[in-house]
Amino acid sequence: MTEQETRRFLVEQLRVLYARGWISGTGGGICGPADGGGLLVAPTGVHKELVEPDELFTVDHHTEAVVVAPERPGLRPSECTPIFTLIARERGATSVVHTHALSAVLFGDLAEGGDAVTVERLEMLKGIRGFANTEQHAIPVIRNTPREIELVGNMAAAIADPRFARTFAVVVEDHGVYVWGADIWEAKRHTETYHYLFEATVARRSRRTGG
Ligand SMILES: [Zn+2]
């Protein structure tokens, strides 16, 4: 895939995520691999479903410096950039998706202040690399912060925790989720799969409690 194809893929995914109701009101974000090893990152504070391929920034995931900025003035790289680069460095991801999906927020509520929610007995668990449908998957839930950039510490602790070594998602309480993959296709599959797992788990628990 050329970088131009990756750019088109990323902005198309933003439109899909918007249509699904997982990013709205300028929230959410996405990144993917740039030629030469950096990350292509969407701008912040803009309607994500309207982003064009040439409006993505190229960021060095080691230094977090902007290597290439879009020509359109006034754009700034995503507030999620420090988290995207952290996940790229620590988990070898080249693509990360951040949504504000309601299902992720309700799933986070199931932790009831704890640091994880376990998913089990779902065929769709197979959509997560390394999992069988017979397994349990503990998905970490971290506390939210006033600004996206301040989430980095909580995120770093969760992805360094050996209990969460197999996860490809971290839920942020009252906020949403970060999901990643080795490439854009795996990030897409994991994003769709985790949101299904959230919806199914929330629906089952509410049925059980009659709420
Ligand atoms: Zn966010």
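Modeller: Two strands pair if DSSP finds at least two bridges between them, strands being DSSP runs of E with at least two residues and helices runs of H or I with at least four, numbered from the N terminus. The model is predicted: local features need pLDDT of at least 70, and side-chain atom pairs count only at pLDDT 80 or more, while totals for chains, interfaces and linings use all residues. Residues are numbered from 1 along each chain as its sequence is written.

Colleague: What makes strand E1 a partner of E5?

Modeller: Three bridges join E1 (residues 29–33) to E5, and the definition asks for at least two, so E1 and E5 count as paired. The two strands run antiparallel. Gly29 has His98 as its bridge partner in E5, and Cys31 has Val96.

Colleague: How do you know that E5 also pairs with E9?

Modeller: Five bridges join E5 to strand E9 (residues 176–181), again in an antiparallel arrangement, and Val97 stands opposite Val179 in E9. In the whole open sheet of nine strands, the order is E4-E3-E2-E1-E5-E9-E8-E7-E6, with mixed pairing.

Colleague: Why are E4 and E6 called edge strands?

Modeller: Strand E4 (66–68) and strand E6 (116–119) each pair on one side only.

Colleague: Is E5 itself mostly covered or mostly open, and what makes you say that?

Modeller: Strand E5 (residues 95–99) is mostly covered, with five of its five residues buried (20 or more other C-beta atoms, placed from the backbone, within 10 Å of a residue's own; 12 or fewer is exposed, and in between is partly exposed). Ser95, Val97 and Thr99 point one way from the strand, whereas Val96 and His98 point the other way, and all are buried. In a regular strand the side chains alternate between the two faces of the sheet.

Colleague: Why is Thr6 called buried?

Modeller: Thr6, which is found in helix H1 (residues 3–19), has 21 other C-beta atoms within 10 Å, and because the cut-off is 20 or more, Thr6 is classed as buried. Leaving aside its neighbours within four places in sequence, Thr6 is in contact with Met1, Gly32, Pro33, Leu40 and Ile184, a contact being two C-beta atoms, placed from the backbone, within 7 Å. The C-alpha atoms of Thr6 and His100, 94 residues apart along the chain, are separated by 23 Å.

Colleague: Why is H2 described as it is relative to H4?

Modeller: The axes of helix H2 (residues 81–91) and H4 (residues 152–160) come within 10 Å and cross at roughly 20 degrees. That makes H2 roughly parallel to H4, because angles under 35 degrees count as roughly parallel, over 145 as roughly antiparallel, 65 to 115 as roughly perpendicular and the rest as oblique. The axes are lines fitted to C-alpha atoms, for helices over the stretch in contact, with angles from 0 to 180 degrees between N-to-C directions.

Colleague: Which residues bring H2 and H4 together?

Modeller: On the H2 side, Pro82, Ile83, Leu86, Ile87, Glu90 and Arg91 meet Val152, Met155, Ala156 and Ile159 in H4. H4 also lies across strand E7 (137–142) and strand E8 (169–172), running at about 160 degrees to E7.

Colleague: What else does H2 pack against, and through which residues?

Modeller: Thr81, Ile83, Phe84, Thr85, Leu86, Ile87 and Ala88 are the buried residues of H2, and besides H4 they pack against E1, E2, strand E3 (57–59), E5 and E9. Just after H2, Gly92 takes a positive phi of about 65 degrees.
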